[in-house]
Amino acid sequence: MVSVAIMGYGVVGSGVAEIIVTHRESLAKRAKEEIDIKYILDIRDFPGNPLEEKFIKDFNIILNDDDVRVVVEVMGGLHPAYDFVKQCLERGKSVVTSNKELVAAKGAELLRIAQDKNVNFLFEASVGGGIPIIRPMSQCLAANDVVEVAGILNGTTNFILTKMIRDQMSFEDALKLAQSLGYAEKDPTADVEGLDAVRKICILASLAYGKHVYPDNIHTEGITKITLADVSYAAAWGGVIKLIGSVKKLGDGRIDIFVAPMVLPNGSQLAGVDDVFNGIMVRGDSTGDVVFYGKGAGKMPTASAVVADVIDCIKHFKARKYLFWADGEDGYVLPYEESVCSMYVRASYSGGADIKAEAEKAFGGVKMIARASSGENEAAFVTPEMTVKEFDERAKSLEKAGVKIESRIRMGDL
Ligand code: HSE
């Protein structure tokens, strides 16, 4: 029998407890040990809960109980999760977490402690919820050099964009609907501004290339500026707008990483990932593109990934799983201004201007996009590839010529 403790009895924590209780026999077969929930740490009371006698409020009870060999951290947030996880690892307990904020901020340090103490620190649920991605990348695709990882990593924003694309719902109305359905938080900032997605792409980048990438300095754009006019121009071009987290290895050893909306061609595998679903494409040098698709959030999908990690910890008490990346380095991440892409531009101009000629004067050959219900003195076009810095300079020269750039979105080649 292996005793585990669960820290946090929120949506995911209660799902983890439910799976461990309801799947007792099948989990015992897979782990080759029975799994017993010894403690559940939460500051709240849960009177009448069938596991009521397991609830504790003092973290030290878990820390000081040598019988507890696996600790599940599903509290979320950086503090006190970081301090608790660090102490558990230092005490020689394996830790499983779904906490992307924690892994994105402190992954390298916690993995090093786990290595030093010969225990496991596993976090399959931190990216893509119930979709297997950490284990496939660290094990099944291990023979590949990863060329690129790109994904729809946030279900809430994907739901909002899907409503805008399919039902012509405004961003504001789609957000309200996402909130009423329980997808978006009351304060939706982390989702709609791309903060959740950037944590996830940083974890995948750290895993793919072996060096920690910290989210703080990564270019992060959300979807709040996307309008129905942009959605309609993207459709006229033959594509859809998706919020993408992307990382690519460059020839000089640096990585090009960002989170931003992108116009994807309809033929792209990620273009068909709709509603709250996530899709992650891993481009390996041997495998080519491998795409992972499924529910990236929610109680039971996320809990299923957490419990699978618990089983893995139990099966590897004696032989540590290899999962490691080193600290980050200055100069490792390409400055966003140097990132190269072609850009979709929607612009307004004063009547009579030759917008195509002006756009070409600024950017070189552009491809104009026509849509059925285009506004008066409004145009959209796609620029050739150039660095973001060069785009910004040329955009300024276009604005000087009296053309106002209303929106700009990266074109995706996924
Ligand atoms: N808010 C996140 C999403 C939950 O919408 O994808 C999972 O991280």
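This is a predicted model: local features need pLDDT of at least 70, side-chain atom pairs count only at pLDDT 80 or more; totals for chains, interfaces and linings use all residues.
Residues are numbered from 1 along each chain as its sequence is written, and side-chain values use heavy atoms, with hydrogens and water left out.

Q: What is the order of the strands in the open sheet of six strands?
A: Strands here are DSSP runs of E with at least two residues, and helices are runs of H or I with at least four, both numbered from the N terminus. Two strands pair if DSSP finds at least two bridges between them. In this open sheet the pairing is parallel, and the order is 3-2-1-4-5-6.

Q: Which strands are the edge strands?
A: The open sheet of six strands has the order 3-2-1-4-5-6. An edge strand of this sheet pairs on one side only, and the two that do so are strand 3 and strand 6 (121-122).

Q: Which residue in strand 2 stands opposite M7?
A: Strand 1 (residues 2-7) and strand 2 run parallel and are joined by six bridges. On its other pairing, strand 2 meets strand 3 (residues 55-56) over two bridges, also in the parallel sense, and there I40 stands opposite F55. For M7, the residue opposite in strand 2 is L41.

Q: How many of the seven residues of strand 2 are buried?
A: Buried means under 20% relative accessible area, exposed means over 50%, and partly exposed lies in between, with a 1.4 Å probe and protein chains only. Strand 2 (residues 35-41) is mostly covered, and the number of its residues that are buried is six.

Q: Which residue of strand 11 is the bridge partner of A150?
A: Strand 7 (residues 146-152) is mostly covered, with six of its seven residues buried. It runs antiparallel to strand 11, to which six bridges join it, and it also pairs with strand 9 (residues 239-249) in the antiparallel sense over four bridges. A150 stands opposite S246 in strand 9, and in strand 11 its bridge partner is M281.

Q: Which helices each supply at least two residues of the shell around the ligand?
A: A residue is near a molecule if one of its heavy atoms lies within 4 Å of it. The residues that surround the ligand are K100, N154, G155, T156, D191, D196, K200, G296 and A297. The helices that each supply at least two residues of this shell are helix 7 (155-167) and helix 10 (195-209).

Q: How far from an oxygen atom of the ligand does a polar side-chain atom of T156 lie?
A: A polar contact is a pair of N or O atoms within 3.5 Å. For K100, an N or O atom of the side chain is 3.0 Å from an oxygen atom of the ligand, and for G155 a backbone N or O atom lies 2.8 Å from an oxygen atom of the ligand. For T156, the distance from a polar side-chain atom to an oxygen atom of the ligand is 2.6 Å.

Q: Where is P80 found?
A: H79 and P80 are joined by a cis peptide bond, with omega about 10°. P80 is found in the loop between strand 4 (68-73) and helix 4 (81-90).

Q: What is the relative accessible area of N118?
A: Although N118 is a residue other than glycine, its phi is positive, near 60°. N118 has its place in the loop between helix 5 (100-117) and strand 6. It counts as partly exposed because its relative accessible area is 43%.

Q: Is D275 buried or partly exposed?
A: D275 is not a glycine, yet its phi is positive, about 55°. D275 lies in the loop between strand 10 (255-265) and strand 11 (277-284). At 25% relative accessibility, D275 is partly exposed.

Q: What distance separates the C-alpha atoms of L27 and V307?
A: L27 lies in helix 2 (residues 24-31), and L27 counts as buried because its relative accessibility is 5%. L27 and V307 are 280 residues apart along the chain, and their C-alpha atoms are separated by 8.8 Å.

Conventions. A polar contact is a pair of N or O atoms within 3.5 Å; within protein, one must be able to donate a hydrogen and the other to accept it, and residues adjacent in sequence count only if both atoms are side-chain atoms.
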